[in-house]
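Reader: I'm new to this one. Can you walk me through it?

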Amino acid sequence: MKQTNHNKSFFIIAMGLRTVALLCVTGPIMQTFLASIGFSSQWIYIHTSIVQAVNILTISLCSTWADQGSVIKRTAFVELPYALLYLLYIPLCLWKSASLMSFLLLTGICLLQSVCIALWTICEYKLPYYIFSPREYGSVLSFGGIVGGLIALGSGVVITRLSGLLSYATLMLASCAVSLVLMLACTALHLGLKPIADAPKSSPGTREKKVNQLEVFRHPLFRRMIPANLMRGFGYGTTTIFAAIALDLGFDTGVSTALVSAQSVATLIGCSLVGVSLSFVAPRFVTLAGSLTFALIPLMLIPNKYVFLIVFSLVYLGRTFVDYSVPSILRAAVPVQLAGPFNAWRMLLHNGGTLIATTIAAFIPVSWLLMLTVVCQLISGLHYFLAKDLRGDPSFIK
């Protein structure tokens, strides 16, 4: 129990710090930075798509990354280079050029970080099997999200206030410095994790038998959930480019910057509600509820910035429901032997859907993109809700 509590504390703090660090290069901050130095929304969509493509390629090539050696050490190992890469943004923040060379350099740095994120993602869904029980997974995730939401909310308020006083390049420079420190702290915290007494026999520190990829593809649950994971990725992908969408719809950078605070508030409230809900409601109900909020997306086409921000907050709240309930469902439904490659390929499908969304965003009207997003997320949510394999309370599934 003592070791479990120790692990939960370290995991929650690391999760919160990492959530804030990622804000710098994923989502509104990076998109607004690109726009502020002169790149059009089409270039922002292309940048996002390239980064997603590399993420997908890395996951497909390294799906068994978490199955070799200590998953705890491998989780920390990929966070260190991710942190150090923030240093490379500094010259670009000072250069402030919208040239092709600037775009290529900035995208190159993001690609290297995307590789690190992909490897971390593969470890992310296997690590919990060794550091706390499945009964605690949902509450730990939601509490970690609350911690991250609180820190991100404070950061978002500061960034929004300073955006009216300083250039966005200067804000980006400061954000990179803070993110570097936070990611280094995450590395140290993950290195401090220890396997619990009742961890699976193939505990960290031993080399596991390599899983044949065909075992994953033959798994009935994996095959049945392919459409749901792909369409969930499409819905997720659109939420990652809402800052660019806001600019495309004619709103100014003040609105796109305010999305950082709105995102933080939505995450904070969403994680709190998920934490409470999972104590008496099956996670699939939470996933469905979150998916239904995407039906509000067409209201974003109303030319009113307050309507846009309110709808964004509600949709992001729904995405938070989905993001924190799905892992809780699958933690119990997927055996530890398949957890690494199973979730790697699941996330590959998810990221594939994200890539499709961010890619076609550069070629179709915003209204079409938003409508497709609604359809995809609603179908995905219903699929997760109705799947027979995922019914019941995962805390009691053996």
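Reader: Where in the protein chain is confidence lowest, and where is it highest?
Author: This is a predicted model. Confidence in the protein chain is lowest in helix α10, residues 213-218, with a mean of 74. It is highest in α18, at 94.

Reader: And what is the mean pLDDT of the protein chain?
Author: The mean is 82. Of its residues, 91% reach 70 or more.

Reader: Which stretches have pLDDT under 50?
Author: Residues 202-207 stay under 50. The model has 13 contacts for them beyond four places in sequence. Residues 393-398 are also below 50. That stretch has eight contacts beyond near neighbours in sequence.

Reader: Which of its residues are buried?
Author: Among them are Val366, Leu369, Leu370, Cys376, Tyr384 and Phe385.

Reader: What covers them?
Author: The cover includes α12 (226-239), α13 (242-248), α15 (283-292), α16 (305-333) and α17 (336-360).

Reader: What sits over the ring of Phe385?
Author: The charged end of Arg284, 4.6 Å from the ring centre. There is another case at Trp120: Arg18 lies over its face, 3.4 Å from the ring centre.

Reader: New topic. How many aromatic pairs does the structure hold?
Author: Ten. Take Tyr86 and Tyr89: their ring centres are 6.3 Å apart and their planes are at 45°, so the pair is tilted. Both Tyr86 and Tyr89 are buried.

Reader: What about Phe242 and Phe312?
Author: Their ring centres are 5.5 Å apart, with planes at 85°, so that pair is edge-to-face. Phe242 is in helix α13 and Phe312 in helix α16. They are 70 residues apart, so to speak a link between distant parts of the chain. Both are buried.

Reader: Which residues form an aromatic cluster?
Author: Phe39, Trp43 and Phe103 form one.

Reader: How many residues are in the largest nonpolar core?
Author: It has 129. Those with the most contacts inside it are Met30, Phe33, Tyr86, Tyr89, Phe242 and Ile245. The largest share of this core comes from α16, with 13 residues.

Reader: What does Phe33 touch?
Author: Leaving out residues up to four places away in sequence, Phe33 touches Leu92, Cys93, Leu106, Tyr168, Ala169 and Met172.

Reader: Now His350. Buried or exposed?
Author: His350 is at 3% relative accessibility, so it counts as buried. His350 lies in helix α17. Neighbours within four places aside, it contacts Asn229, Arg232, Gly233 and Tyr236.

Reader: How far is His350 from Ser60?
Author: Their C-alpha atoms are separated by 12 Å. Along the chain, the two are 290 residues apart.

Reader: Last one. Where is Leu296 found?
Author: In the loop between α15 and α16. Leu296 is partly exposed, at 31% relative accessible area. Leu296 touches Val311 and Leu314, not counting residues up to four places away in sequence.

Notes
Residues numbered from 1 in each chain as written. Predicted model: local features only at pLDDT ≥ 70, side-chain atom pairs only at ≥ 80, totals over all residues. Heavy atoms only, no water. Buried < 20%, exposed > 50% of the residue type's maximum accessible area, 1.4 Å probe, protein only. Helix = DSSP H or I, 4+ residues; strand = E, 2+ residues; numbered from the N terminus. Contact = heavy atoms within 4.5 Å. pLDDT = per-residue confidence, 0-100. Phe/Tyr/Trp six-rings, centres within 6.5 Å; stacked < 30°, edge-to-face > 60°. Lys NZ or Arg CZ within 6 Å of the ring centre and 35° of its normal. Core = buried A, V, L, I, M, F, W, Y, C linked by side-chain atoms within 4.5 Å.
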